[in-house]
Amino acid sequence: MFSSQPKAGLGLDIGTANIRLIQIKRKKETLEINSIAIQDIESSPAKTLKNLINSLKLDLKAVSTSLSGQGVVMRYIEMPSMTTEELNSAIKFEAEKYIPFPVNEVTLDAKVIKEQYKGNKMLVLLVAAKKELIQNRLNLLNSVGLEASVIDIDSLAVVNAFNLFRSKTPAEKKEEKPQPKALLNIEDSTACLSILEEELPVFSRDIILTEKGISIERSESALINLANEVRLSFDFYESQGNSPVLTLFLSGAIKKIQGLETFLNQNLGAEVKTWNPISKITLNPGLDEGVFKDREGELAVALGLALR
């Protein structure tokens with residue numbers, strides 16, 4: 001679920017309206033982006049992806065990809081302290097309490113977020129994804145000659161990218177308990193929200209913005225709904241005895257939505273900032289930066305996947 005230190009990685013973000021791809025390679029202690037692409041989906045995801053792969057002439061066939069939406073459920077749950085083996089045995093029974101699907105219809109995964117959380121308990125991230133959704137993604141990749149090395153969740157990929165992008169400020173390093181931060185990544189019709197405590201996600205959810213085929217930049221009601229849902233999420237998090245969320249970092253297809261940053265600033269009671277996911281990584285000199293100029297914010301998921 002979280003980033004490692006790969007020698008090379010290929011991240012593939014397949015959204016509802018676009019496909020975004022990043023290939024990175026590690027050179028000693030630095031990362032370099034060797035391939036990068038953002039392609040609008042025109043006729044079908046399979047045809048668009050095939051054309052994209054053929055044009056880039058990639059030397060990797062194993063990709064990290066991710067899922068989101070109504071077929072994916074994420075829950076942060078408290079469990080008694082236990083070993084990894086015990087957690088793997090217990091998680092199926094725990095999942096029945098928290099997910100809205102029959103357990104035999106989903107693939108489950110779990111990750112300990114905080115080993116010492118409250119008393120003798122730990123905080124665990126439970127993820128369930130419908131098997132049908134996973135199989136559809138595998139079929140799509142296989143149809144263009146790719147295979148999945150990792151299937152992640154969009155919001156967790158954004159966290160990976162953000163933690164590479166942002167190091168702690170001197171003031172934050174002195175804080176005994178740093179202030180929580182929120183990440184909001186916006187796609188054409190969905191958004192994923194995470195709240196971080198000391199670089200670790202402790203709250204995550206997907207927000208459905210619009211009906212299929214209606215993009216958010218053409219819907220004022222979708223913007224209002226987005227602000228309301230984010231504020232409700234902050235309120236829920238803070239109601240658990242947590243510190244208020246005062247800063248939200250914005251990424252995704254935000255250039256399409258005129259005045260978005262100002263709108264959220266006015267409606268959330270939090271400072272809203274945009275961030276460039278690839279600003280801390282060296283670009284291969286041969287890359288055509290015109291391909292992604294002014295769309296760097298859309299690359300958060302793809303970069304987080306490539307880091308896997």
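1. A residue is called partly exposed when its relative accessible area lies between the buried range, under 20%, and the exposed range, over 50%. The structure discussed here is a predicted model.

2. E78 has a relative accessibility of 34%, so E78 counts as partly exposed. K121 stands at 37%, and therefore K121 also falls in the partly exposed class. These two residues form a salt bridge, with 3.9 Å between the closest N and O atoms. The bridge joins distant parts of the chain: E78 belongs to strand 5 (residues 72–80) and K121 to strand 7 (residues 121–130), 43 residues apart.

3. How many salt bridges does a search of the whole structure find? The search gives 13. In general, side chains of opposite charge can pair when their charged atoms come close.

4. Another of these pairs is R295 with D40, whose side chains meet at 3.7 Å, N to O. Here too distant parts of the chain are linked, since the residues are 255 apart: R295 lies in the loop between strand 14 (282–283) and helix 8 (300–306), while D40 lies in strand 3 (residues 30–40). R295 is partly exposed because its relative accessibility is 23%. For D40 the relative accessible area is 38%, which means that D40 is partly exposed as well.

5. E238 and R231 form a salt bridge whose closest N and O atoms are 3.5 Å apart. E238, at 22% relative accessibility, counts as partly exposed. R231 is partly exposed too, with a relative accessible area of 21%.

Note on methods:
Residues are numbered from 1 along each chain as its sequence is written. This is a predicted model: local features need pLDDT of at least 70, side-chain atom pairs count only at pLDDT 80 or more; totals for chains, interfaces and linings use all residues. Side-chain values use heavy atoms; hydrogens and water are left out. A salt bridge is a side-chain nitrogen of Lys or Arg within 4 Å of a carboxyl oxygen of Asp or Glu. Helices (H or I, at least four residues) and strands (E, at least two) are DSSP runs, numbered from the N terminus. Buried means under 20% relative accessible area, exposed over 50%, partly exposed in between (1.4 Å probe, protein chains only).
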